[in-house]
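Please open the model in your viewer and keep the selection tool at hand. The stops below follow one another, and each begins with something to select.

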Amino acid sequence: MLSSICARGCGIDDPLRLRRAETTRRVLSLELNKDRDVQRIHGSGVNTLDIEPVEQRYMLSGGSDGVIVLYDLANFSRKPYYTCKSVCSVGKSHPDVHKFSVETVQWYPHDTGMFTSSSFDKTLKIWDTNTLQPADVFRFDGTVYCHHMSPVATKHCLIAVGSNNPKVKLCDLKSGSCSHILQGHRSEVLSVSWSPRYEYVLASASADSRVKLWDVRKASGCLITLDQHNGEKSKASSEAANTAHNGRVNGLCFTSDGLHLLTTGTDNRMRLWNSASGENTLVNYGKVCNESKKGLKFAVSSGCSPEFVFVPYDSTIAVYTLYSGELVTMLRGHYSNVDCCVFQSNYQELYSGSKDCNVLAWVPALREPIPDEDSEKSGPKAHLNSAFEDAWSSSDEEGPNPALNY
């Protein structure tokens with residue numbers, strides 16, 4: 001650590017190298033924090049979490065009970081033990097509460113004054129955070145599984161919506177209506193995600209085993225249909241051509257730089273794709289247990305070297321290295337299946353929601369001082385440097401302090 005700081009100060013080393021090294025160390029030391037609780041509000045499973053990108057202070061959660069909760073993650077008590085309390089919630093007594101399970105919540109990417117939620121009650125709601133009232137409501141014919149707003153868009157305000165209809169719908173916040181329909185899937189759309197690199201590029205995953213990349217400016221729409229075999233026909237006749245997985249594809253997540261796309265499917269596989277060419281990078285993550293009948297929310301780290309993937313795996317969270325596929329660790333703490341997790345990049349913390357109704361906080365372990373040989377031999381007092389010891393004495397019997405003799 002000291003050599004890295006010195007090299008950085010002298011201009012020998014890349015200024016970001018030390019930051020990446022410490023960020024990586026913190027992620028690798030993630031553990032369940034016994035001193036931090038997240039207030040339990042939900043009476044049913046927690047389906048979705050989202051941390052606002054502006055300050056990374058406030059977190060939204062959506063549950064199977066239709067309730068939405070807003071948490072403040074900041075600790076102003078200056079005490080080691082504290083509870084992340086609910087600031088406000090859209091509870092069952094709220095007149096505009098979702099009637100059925102909330103599947104996705106998302107903050108407006110540019111400020112905390114607005115957030116969105118979608119539910120099995122066939123609605124997408126745009127909420128005013130200050131009044132906790134819906135500013136707009138989009139209604140659909142079928143069950144809504146997911147939605148997503150672009151984190152980088154400056155020229156459009158489109159929300160992509162996936163439902164039990166094979167068409168991906170784009171809702172325009174400016175006009176308050178559905179402006180585009182993307183056709184190409186043959187079954188329900190379980191996950192959608194905008195690219196963090198190109199504001200017009202959208203990815204969608206469906207129960208038809210396919211993942212498509214779209215340019216919403218084009219009439220034809222579809223840019224690429226991802227093929228797990230990279231164009232080579234499989235010898236197994238049961239595997240259809242141009243499929244990303246051999247089962248339902250229920251999870252999508254771009255890397256922070258937008259260069260790669262991760263997908264999960266009910267074939268118990270996770271795949272990493274080049275988002276520009278659509279090529280399967282063939283990274284082997286092994287078996288990634290996935291029996292979810294709806295969308296699976298997983299997360300990717302940011303600022304690490306290498307980067308990591310956090311994937312709900314039964315009642316645990318599996319942590320993999322992104323580009324090698326190595327299983328680093330399993331985070332255990334929930335009592336039932338984990339449905340979602342979200343990564344807080346500012347402090348390298350992870351939050352997870354489960355069917356056990358709990359939201360858990362996973363934080364980096366604190367550095368412990370390494371005892372030297374003298375401290376082990378001399379006992380607990382040896383850690384104090386003699387230069388900082390108080391050599392003054394008020395006793396005349398002890399004689400003058402030799403340190404004061406000139």
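Begin by selecting Asn33, Arg36, Glu349, Val363 and Pro364, which, among the 23 residues that line the second largest pocket, lie nearest its centre. Bear in mind throughout that this is a predicted model. The volume of this second largest pocket comes to about 480 Å³. If you then colour strand E28 (349-354) and strand E29 (359-364), you will have two elements that each supply at least two residues of its lining. Colouring the lining of the second largest pocket by class gives ten nonpolar, four polar and nine charged residues.

Next, move to the largest pocket, whose volume is about 1200 Å³. Which strand gives the most to the lining of the largest pocket? That strand is E16, with five residues. By class, the lining of the largest pocket consists of 24 nonpolar, 15 polar and three charged residues.

Is His148 buried or exposed? His148 counts as buried because its relative accessibility is 18%, and the cut-off for buried is under 20%. Now display what surrounds His148: with its neighbours within four places in sequence left aside, it is in contact with Gln106, Leu158, Ile159, Ala160, Val192, Ser193 and Trp194.

For the last stop, turn to the largest nonpolar core, which has 17 residues, and select Leu262, Met270, Tyr285, Val288, Val309, Val311 and Tyr320, the ones that touch the most other members. Strand E22 (269-274), strand E24 (308-313) and strand E25 (316-321) each supply at least two residues of this core, and the largest share, three residues, comes from E24. Finally, select Met270 and show its contacts, leaving out residues up to four places away in sequence: Met270 touches His245, Leu262, Thr263, Thr264, Val283, Tyr285, Val288, Val309, Val311 and Tyr320.

Methods: Residues numbered from 1 in each chain as written. Predicted model: local features only at pLDDT ≥ 70, side-chain atom pairs only at ≥ 80, totals over all residues. Heavy atoms only, no water. Core = buried A, V, L, I, M, F, W, Y, C linked by side-chain atoms within 4.5 Å. Buried < 20%, exposed > 50% of the residue type's maximum accessible area, 1.4 Å probe, protein only. Helix = DSSP H or I, 4+ residues; strand = E, 2+ residues; numbered from the N terminus. Contact = heavy atoms within 4.5 Å. 1 Å grid on protein atoms, 1.4 Å probe; cavity = no way out; pocket = protein on both sides within 12 Å on 5 of 7 lines; lining within 4 Å. Points joined across faces, edges and corners; volume = space filled by probe spheres on them. Nonpolar A, V, L, I, M, F, W, Y, C, P; charged D, E, K, R; others polar.
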